[in-house]
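Trainee: I am new to this structure and would like to walk through it with you. Could we take it one question at a time?

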Amino acid sequence: MSNTSLRSEVLKRRTFAIISHPDAGKTTITEKLLLWGNAIQLAGSVKGKRGPHARSDWMTMEQERGISVTSSVMQFPYKGRVVNLLDTPGHEDFSEDTYRTLTAVDSVLMMIDGAKGVEDRTIKLMEVCRLRDTPILSFINKMDRESRSPVELLDEIETVLKIAASPINWPLGTGKEFKGVYNFYTDTIHVYQQGKGHTIPDDIQIKGLQSDEAAQLLGGYIDDIREEIELVRGATNEFNLEEYLAGRMTPVFFGTALGNFGVREMLDGFVEWAPTPRSRATNEREVAAEEEKFTGFVFKIQANMDPKHRDRIAFMRVCSGTYNQGMKMRHVRIAKDIKIADAVTFMAGDRSAVEEAVAGDIIGLHNHGTIQIGDTFTDGEELKFTGIPHFAPELFRRIRLRDPLKTKQLQKGLQQLAEEGSTQVFFPVDNNDIVVGAVGVLQFEVVAYRLKDEYKVEAIYEPVNVATARWIECDDSKKLEEFKRKCSDNLAVDGGGHLTYLAPTRVNLSLTQERHPDVVFRATREH
Ligand code: GDP
């Protein structure tokens with residue numbers, strides 16, 4: 001690709017994820033976005049009804065429980081842009097997977113249930129976005145139901161999430177009385193029609209809040225609504241693109257995902273304002289998205305998405321340059337050039353071969369065990385993307401086999417699941433236990449299920465006396481040896497070969513830290 005066409009391709013990209021509390025409507029809006037992108041003709045195929053692409057059993061488990069542990073990538077065109085939507089797991093456990101996915105996007109869409117307002121998980125995810133000043137666009141959903149007052153909702157966003165909220169449009173009534181939205185900037189009413197959720201509804205507009213048509217639409221409410229809108233206009237922040245891009249202001253849209261209304265306005269705003277692929281930090285230098293030389297990093301590994309292909313897929317965010325089918329890339333960690341013949345993308349759940357990808361795009365590489373989360377790929381340059389951490393787990397269990405002859409399979413299974421980031425595994429240095437660590441309790445269940453389903457081993461968990469883990473670093477080899485000798489009871493090696501301190505209590509951890517001031521105890525580890 002020539003320099004100018006590469007640049008114009010990159011500038012088309014909008015790569016984002018949706019953050020929300022479960023049930024706010026993330027799945028529903030994803031379906032609608034794909035409908036807008038024409039990626040699928042009929043919305044309804046995201047949260048799979050069992051269709052031609054039968055899911056593996058553990059995905060059935062997710063469906064039964066109404067959770068989504070897996071995530072995938074959807075690409076669709078909209079208004080001359082190429083939108084990449086990265087799905088994140090929706091279950092309540094704070095998941096590392098979600099965190100890492102958020103390191104691979106340039107902005108997020110925050111979905112809020114209009115009846116519930118800002119909920120726990122949204123608060124947590126927002127904290128993660130704040131670490132990187134990720135720009136946030138908001139959609140307040142379910143206006144077709146009775147909802148809380150929009151003024152109160154904006155206020156809650158500002159006080160709870162500590163970000164300036166700037167309404168772009170305003171709901172005209174809610175629930176049965178929901179008539180549409182009013183855009184402050186174009187002085188236009190977009191009229192809601194019920195029952196059009198499965199279609200691309202016509203955009204019925206009324207120009208001017210003071211018009212007769214507006215009065216007709218809003219009937220007896222017109223005076224109240226005119227007054228409310230004047231008040232809100234005076235009392236809220238005007239949209240400021242720079243503030244949004246800096247992560248300090250969120251433009252707010254109201255609508256109903258189910259009714260596919262307000263989604264168009266939101267998407268129009270999104271492709272207009274959301275950042276194009278941003279530059280990324282490495283250990284050496286900042287890599288700009290328009291650079292010609294290829295770079296990318298792996299943020300997620302997923303197993304057996306399709307039972308027909310029982311391999312693992314490593315998801316790579318392209319950070320610069322162009323991926324072409326059959327190209328060679330430098331796998332920096334293992335210092336090898338590898339040929340990538342068959343990267344994939346996941347258009348509406350279907351695998352298709354990617355021919356070309358640029359910064360902002362996600363490609364899936366077939367992984368036979370050489371790729372780990374955090375790995376950097378380049379066209380030869382020795383650099384490593386930073387900022388893709390592992391969190392110290394908070395929950396621990398000893399794992400045992402029902403059939404002790406299957407130790408090999410157990411180890412292999414755990415190793416692979418750890419590589420994917422589904423769990424973390426620790427091998428204590430002075431006994432043969434295997435300790436599994438997780439950030440959320442659901443991870444244990446998923447791991448046991450997958451060990452059985454994919455590796456044919458039945459494992460059981462037992463309690464273990466570990467409260468927290470810290471990765472150990474020490475520049476002074478003598479002090480490190482002394483530490484290892486004195487603390488061997490609590491030392492383990494993790495799945496990546498890193499020395500780890502498994503503390504039985506928090507008090508023990510702080511005492512040990514005091515006794516060994518030269519040893520660094522890390523709560524996160526970069527891949
Ligand atoms: P997720 O957990 O965030 O993915 O939420 P879903 O998209 O699965 O939505 C949760 C529930 O809310 C489902 O029953 C949806 O049909 C419903 N829902 C989503 N959006 C709307 C909306 O705009 N209006 C109404 N009335 N229901 C909605």
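Trainee: Let me start with one side chain: does Arg330 count as buried or exposed?

Mentor: Good place to begin, and keep in mind that this is a predicted model, where local features need pLDDT of at least 70, side-chain atom pairs count only at pLDDT 80 or more, and totals for chains, interfaces and linings use all residues. Residues are numbered from 1 along each chain as its sequence is written, and side-chain values use heavy atoms, with hydrogens and water left out. Buried means under 20% relative accessible area, exposed over 50%, and partly exposed in between (1.4 Å probe, protein chains only). Arg330 has 18% relative accessibility, so the residue counts as buried.

Trainee: Which side chain meets Arg330 in a salt bridge?

Mentor: A salt bridge is a side-chain nitrogen of Lys or Arg within 4 Å of a carboxyl oxygen of Asp or Glu. The N to O distance here is 3.4 Å.

Trainee: How many residues apart are Lys26 and Asp87?

Mentor: Their side chains meet in a salt bridge of 3.7 Å, N to O. Lys26 is buried at 13% relative accessible area, and Asp87 is buried at 17%. Helices (H or I, at least four residues) and strands (E, at least two) are DSSP runs, numbered from the N terminus. With Lys26 in helix α2 and Asp87 in the loop between β3 and α4, the pair links distant parts of the chain, 61 residues apart.

Trainee: Which helix gives the most to the lining of the second largest cavity?

Mentor: On a 1 Å grid over the protein atoms alone, a cavity is a set of points where a 1.4 Å probe fits but cannot get out, and lining residues have an atom within 4 Å of a point. Among the residues lining this one are Trp36, His190 and Arg264. With three residues, the helix that gives the most is α10.

Notes
1 Å grid on protein atoms, 1.4 Å probe; cavity = no way out; pocket = protein on both sides within 12 Å on 5 of 7 lines; lining within 4 Å.
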